[in-house]
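Please have the sequence and the 3D view open side by side, and follow the topics below in any order you like.

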Amino acid sequence: MTERAVVVGAGVSGLSVALALLRRGERVTVLERGETGGESSWAGGGILSPLLPWDYPEPVASLALHSMAMYADWVAEIEALSGVDAEFWRCGMLASEVAVPDQALAWCAEHGMAAMRSCPLRLPAPLDAYKENQLWLPDIAQVRNPRLVASLRAAVLRLGGEVHEHCLATGVQTRQARVTEVRTDAGDFPADNVILAAGAWGGLSLTGIVPVPNIRPIRGQMLLFKPAAGVLDTILYRNGLYLIPRRDGHILVGSTLEDAGFDKTTDDATRQRLHGEAAELLPALAGLEPVRHWAGLRPGSPGNVPVIDRHPDFDNVFVNAGHYRYGVTMAPASAALLVDLMEGNTSALDPAPYRWEAALARHWGGAL
Ligand SMILES: Cc1cc2nc3c(=O)[nH]c(=O)nc-3n(C[C@H](O)[C@H](O)[C@H](O)COP(=O)(O)OP(=O)(O)OC[C@H]3O[C@@H](n4cnc5c(N)ncnc54)[C@H](O)[C@@H]3O)c2cc1C
């Protein structure tokens with residue numbers, strides 16, 4: 001009999017593990033308290049790279065770069081299964097006011113990431129003012145989040161996976177060091193293996209499962225604009241602010257890093273600030289009202305390093321959580337790493353930095 005894996009959480013982290021297990025012939029049930037991909041995985045920008053990758057600890061860069069190299073093929077397979085276009089687009093990113101561009105260039109060269117000091121694209125005029133400290137990263141790609149999660153969900157269903165929405169996992173039934181069932185408000189689900197991929201809720205315990213990883217929600221607000229088509233065709237980044245053009249002409253502007261608990265409200269002051277800063281780079285946004293303003297909860301973890309490991313107290317419980325600002329980017333490589341761990345295979349990536357024990361040694365510093 002094939003094994004039954006129960007995945008808690010239908011964001012990109014849970015769905016990508018579900019897909020990887022289904023491909024290996026396992027039976028998979030995904031439990032989701034809300035709607036598939038309705039939380040951070042829906043709310044995010046879909047840039048497929050850390051914003052300034054040279055600013056992060058090496059485990060973030062390794063996992064992200066590994067994923068970035070897999071992404072085009074990974075998305076193509078998902079789309080082939082689902083028939084849903086995730087809008088993968090290698091549109092590049094122009095970073096302005098890079099603090100030490102020569103060091104950043106050297107980092108890129110060392111890590112095999114294409115980077116150059118000038119961008120060949122037609123750019124909004126205000127970008128000329130930042131030419132001194134700009135870096136063009138032509139290989140950075142994006143996906144359109146709601147499309148990616150819809151595509152992943154359809155691919156999981158296509159391979160025979162079950163997705164139970166509006167189904168809150170509340171606890172587990174255990175026997176010795178194993179979980180035998182996941183308890184939910186819609187009944188109990190027998191499990192040979194359990195994968196915890198609950199995003200920003202990953203630091204909350206299910207009754208019967210302690211300890212939990214050090215994960216907490218970090219709110220990010222986003223604006224969406226619909227200017228005339230063709231005003232921007234690459235991602236712009238400057239001082240924490242980014243503008244992401246979608247293929248249909250929409251432009252996303254983000255974001256904030258707010259320690260506000262599980263509160264997803266938005267505020268006018270942030271809307272005005274993000275709008276003002278975005279219009280400084282792209283004047284076409286100046287006279288427009290955003291068509292939408294929302295907030296999402298990132299699964300925050302110290303150092304932005306996720307936990308991808310077996311639970312320390314349960315042989316058949318695994319964690320894929322805490323990807324913080326880059327969970328969409330890191331999804332394929334994280335899923336591959338976790339499934340290798342579950343099966344006892346040697347992984348292409350060194351699993352050590354993502355282990356439970358390694359996470360215990362990391363603490364929140366001053367900056368989010
Ligand atoms: C504003 C913003 C911008 C971002 N931009 C980018 C970007 O450009 N690039 C990038 O790579 N990443 C970005 N991110 C981060 C990225 O979105 C997240 O890291 C990623 O989506 C996390 O995926 P996840 O599946 O772990 O979490 P989630 O998408 O939050 O999914 C977890 C799911 O688990 C469910 N759940 C929780 N508890 C339970 C339970 N007890 N029972 C059942 N279900 C449960 C939740 O309802 C949720 O749907 C951004 C995030 C935000 C908010």
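Which residues of H5 are buried? They are Asn145, Arg147, Leu148, Val149, Ser151, Leu152, Arg153, Ala155 and Val156. Keep in mind that this is a predicted model. The protein chain is divided into domain 1 (4–43 + 148–213 + 302–360) and domain 2 (89–140 + 216–300), and the ligand lies between them, because both give residues to the shell around it.

**Helix H5**

- Helix H5 covers residues 145–158, 14 residues in total, and reaches 20 Å from its first C-alpha to its last, close to the 20 Å expected at 1.5 Å a residue.
- The buried residues of H5 pack against H1, strand E2 (27–31), H2, helix H3 (58–82), strand E5 (162–164) and H7.
- Gly160 follows H5 and has a positive phi, near 95°.

**The ligand and its shell**

- The ligand is surrounded by 42 residues, and the closest are Gly9, Gly11, Gly199, Gly220 and Gly327.
- Sorted by class, this shell holds 18 nonpolar, 19 polar and 5 charged residues.
- At least two shell residues come from each of helix H1 (12–23), helix H2 (40–43), strand E10 (216–225), strand E14 (292–300) and helix H7 (327–343).

- The C-alpha centres of domain 1 and domain 2 are 30 Å apart.
- In the contact, 13 residues come from domain 1 and 10 residues from domain 2.
- On the side of domain 1 that touches domain 2, there are 4 nonpolar, 7 polar and 2 charged residues.

**Strand E10 and its partners**

- Of the 10 residues of E10, 9 are buried, so this strand is largely enclosed by the rest of the structure.
- E10 and E14 run antiparallel and are joined by 9 bridges; Ile218 has Arg298 in E14 as its bridge partner.
- E10 also runs antiparallel to strand E13 (residues 251–254), with 4 bridges joining the two; here Phe225 stands opposite Ile251 in E13.

**Cis peptide bonds**

- Val210 and Pro211 are joined by a cis peptide bond, with omega at about -5°. Pro211 sits in the loop between strand E9 (193–196) and E10.
- Gly254 and Ser255 are also joined by a cis peptide bond, with omega at about -10°. Ser255 sits in the loop between E13 and H6.

**Two asparagines with positive phi**

- Asn239 has a phi near 45°, a positive value in a residue other than glycine. Its loop runs between strand E11 (235–238) and strand E12 (241–245).
- Is Asn239 buried or exposed? Asn239 has 9 other C-beta atoms within 10 Å, so it counts as exposed.
- Asn304 has a phi near 65°, again positive in a residue other than glycine. This asparagine is in the loop between E14 and strand E15 (307–310).
- Asn304 has 23 other C-beta atoms within 10 Å and is therefore buried.

**Glu277 in helix H6**

- Glu277 is placed in helix H6 (residues 268–281) and counts as partly exposed because it has 15 C-beta neighbours inside 10 Å.
- Glu277 and Leu241 are 36 residues apart in sequence, while their C-alpha atoms are 7.6 Å apart in space.

Notes. Residues numbered from 1 in each chain as written. Predicted model: local features only at pLDDT ≥ 70, side-chain atom pairs only at ≥ 80, totals over all residues. Near = placed C-beta within 6 Å. Nonpolar A, V, L, I, M, F, W, Y, C, P; charged D, E, K, R; others polar. Domains from an automatic or database assignment. Expected span 1.5 Å × (residues − 1). Buried ≥ 20, exposed ≤ 12 C-beta atoms within 10 Å, placed from the backbone. Contact = placed C-beta atoms within 7 Å. Pairing = 2+ DSSP bridges.
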